[in-house]
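Let's take a walk through this fold, one piece at a time. Have a look at the sequence and the model first, and then we'll start with a helix.

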Amino acid sequence: MLRLRQATASDHDAVWAMFQAVVAGGDTYVFEADTTREEALAYWFHPKTHTYVAEHEGRVVGSYILKANQPGRGSHVVNGSYMVAPDARGLGVGQAMGEHSITEARRQGFRAIQFNIVVATNEAAVKLWQKVGFSIVGTLPGAFRHARLGYVDAYVMYLALDDSAAPSPH
């Protein structure tokens, strides 16, 4: 069973280990493999970021963050980043964090969630986000430098949290 909760400083080691493992693949995150612990934790635990962890049998197996996607007049749209420990894939951690983040974003008063760069070749993530209600609203050609495949497309994905934030037809 998964338990989702706000992260604390005591989660730094677990989040750092997961961050290293996920980023090392070079296939899903924009961070370089040589990102330092200090840089990673400063990003993941930034004071303006809401950080959460998912625990399975007392071990941190996932983490996500929510933060305003833009300052000022764009701050009503939240952005999220998610990581699942490689050895915890298939346990439903990603979906649980996705659903939890939607609830949290609504609770915090955001009107929509936008992901700025979902790597198109990360099919599991794309399918997961579509399953929980996100739509692909744009394709960024060659926007991600994949460690093995070179430059690949990335998607901008969006979920309105209320009817007034739904995308308008073009």
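**Starting from a helix**

Helix α1 has these buried residues: Val15, Trp16, Met18, Phe19, Val22 and Val23. Buried here means under 20% relative accessible area, exposed means over 50%, and partly exposed is in between (1.4 Å probe, protein chains only). They sit on the same side of α1, because they cover an arc of only 165° around the axis, taking directions from the helix axis to the C-beta atoms. On the face turned away from that buried side you'll find the exposed residues Asp13 and Ala24. What covers the buried residues includes α2, β2, β3 and β4, with contact meaning heavy atoms within 4.5 Å.

A word on the ground rules: this is a predicted model, where local features need pLDDT of at least 70, side-chain atom pairs count only at pLDDT 80 or more, and totals for chains, interfaces and linings use all residues. Residues are numbered from 1 along each chain as its sequence is written, and side-chain values use heavy atoms, leaving out hydrogens and water.

Now for the sheet. It is open, with 7 strands in the order β1-β2-β3-β4-β5-β7-β6 and mixed pairing. Helices (H or I, at least four residues) and strands (E, at least two) are DSSP runs, numbered from the N terminus, and two strands pair if DSSP finds at least two bridges between them. β1 (2-6) and β6 (135-146) are the edges: each has a single partner strand, so one side of each lacks a neighbour in the sheet.
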